[in-house]
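This briefing is meant to be read with the model open beside it.

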Amino acid sequence: MSEQSSEPFDSNLIRQAGQLWERATHSPFLEGIRDGTLPKEAFHRWLIQDYHFVKAFLRFLGALLLRSDRPQQPLLVEGIVALDHELAWFEKQVQARGLDLKSPVHPFCQRYNDFMLRAVHEESLSGLYAMLYSLEACYLAAWSSLKPEGPYQEFVERWSDPRFRDYVIKLRSLAENQTDAPSQGLVDQCLRYEEDFWTMAMSG
Ligand code: MP5
């Protein structure tokens with residue numbers, strides 16, 4: 001672990017997660033984007049459910065801001081503003097494909113959302129910062145492994161952007177400055193839900 005490192009994944013939280021990290025960041029869904037074989041329905045399913053996820057995630061960040069001390073607030077505010085813009089972007093993407101923003105929340109997505117929204121009131125701040133870091137790091141790792149080309153180029157670019165990478169590096173410092181033992185359990189649970197999310201997108 002190195003606080004000075006500019007490598008977003010250089011963290012004991014990720015190293016100790018082992019195979020859980022691998023499974024959260026590699027999936028047939030991502031392979032389907034890579035080789036151009038992803039069924040359109042799978043992408044649509046992921047898009048709608050990720051929209052529902054990000055709506056819950058914004059509430060998570062809002063509650064985390066409420067609980068956090070002043071030194072941690074600027075980074076969380078940055079995240080909240082980015083999520084607000086991201087939701088508007090998701091709404092545009094969903095509508096452009098003729099999909100319904102009110103489509104029901106899938107049970108896998110609901111479980112993840114419920115977990116986050118329960119945790120934000122019940123868990124220690126250090127555990128919550130670790131969760132925040134790990135779930136953002138997952139998306140950076142998953143999407144930036146793809147080439148920015150093809151029908152999903154805009155999606156690859158969003159989560160490979162250098163500004164997003166910088167944000168994840170700052171979240172890593174936030175998480176590592178406060179790590180305690182229970183944080184790993186929360187990170188591991190997030191990673192399981194991340195794996196389930198890809199599975200849900202592929203198989204419905
Ligand atoms: C993220 C996401 C990253 N959009 N969806 C899941 C299931 N996990 C992580 O969050 P953000 O706000 O899109 O960077």
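The axes of helix 4 and helix 6 lie 9 Å apart, and the two helices pack at an angle of about 0°. Because angles under 35 degrees count as roughly parallel, helix 4 and helix 6 are roughly parallel to each other. The model is a predicted one, and every value below should be read with that in mind.

**Contact of helix 4 with helix 6**

- On the side of helix 4, the contact is made by Gln 49, His 52, Phe 53, Ala 56, Phe 57, Arg 59, Phe 60, Ala 63 and Leu 64, and these meet Cys 109, Tyr 112, Asn 113, Met 116, Leu 117, Val 120 and His 121 in helix 6.
- By residue class, the contact of helix 4 with helix 6 divides into eleven nonpolar residues, four polar ones and one charged.

**Largest nonpolar core**

- The largest nonpolar core has 47 residues, among which Ala 130, Met 131, Leu 132, Tyr 133 and Val 187 touch the most other members.
- Helix 1 (12-17), helix 2 (19-25), helix 3 (28-35), helix 4, helix 6 (107-122), helix 7, helix 9 (162-176) and helix 10 each contribute at least two residues to this core, and helix 7 gives the largest share, with 13 residues.
- As general background, nonpolar side chains in soluble globular proteins tend to be buried together.

**Two lysines**

- Lys 170 belongs to helix 9 and counts as partly exposed, because 15 C-beta neighbours fall inside 10 Å; its C-alpha atom is separated by 32 Å from that of Met 202, which is 32 residues apart from Lys 170 along the chain.
- Lys 102 sits in the loop between helix 5 and helix 6 and counts as exposed, because 6 C-beta neighbours fall inside 10 Å.
- Although Lys 102 and Ile 48 are 54 residues apart along the chain, their C-alpha atoms are separated by 8.7 Å.

Conventions. Residues numbered from 1 in each chain as written. Predicted model: local features only at pLDDT ≥ 70, side-chain atom pairs only at ≥ 80, totals over all residues. Core = buried A, V, L, I, M, F, W, Y, C linked by C-beta atoms within 7 Å. Buried ≥ 20, exposed ≤ 12 C-beta atoms within 10 Å, placed from the backbone. Helix = DSSP H or I, 4+ residues; strand = E, 2+ residues; numbered from the N terminus. Axes fitted to C-alpha atoms, helices over the stretch in contact; angles between N-to-C directions. Parallel < 35°, antiparallel > 145°, perpendicular 65-115°, else oblique. Contact = placed C-beta atoms within 7 Å. Nonpolar A, V, L, I, M, F, W, Y, C, P; charged D, E, K, R; others polar.
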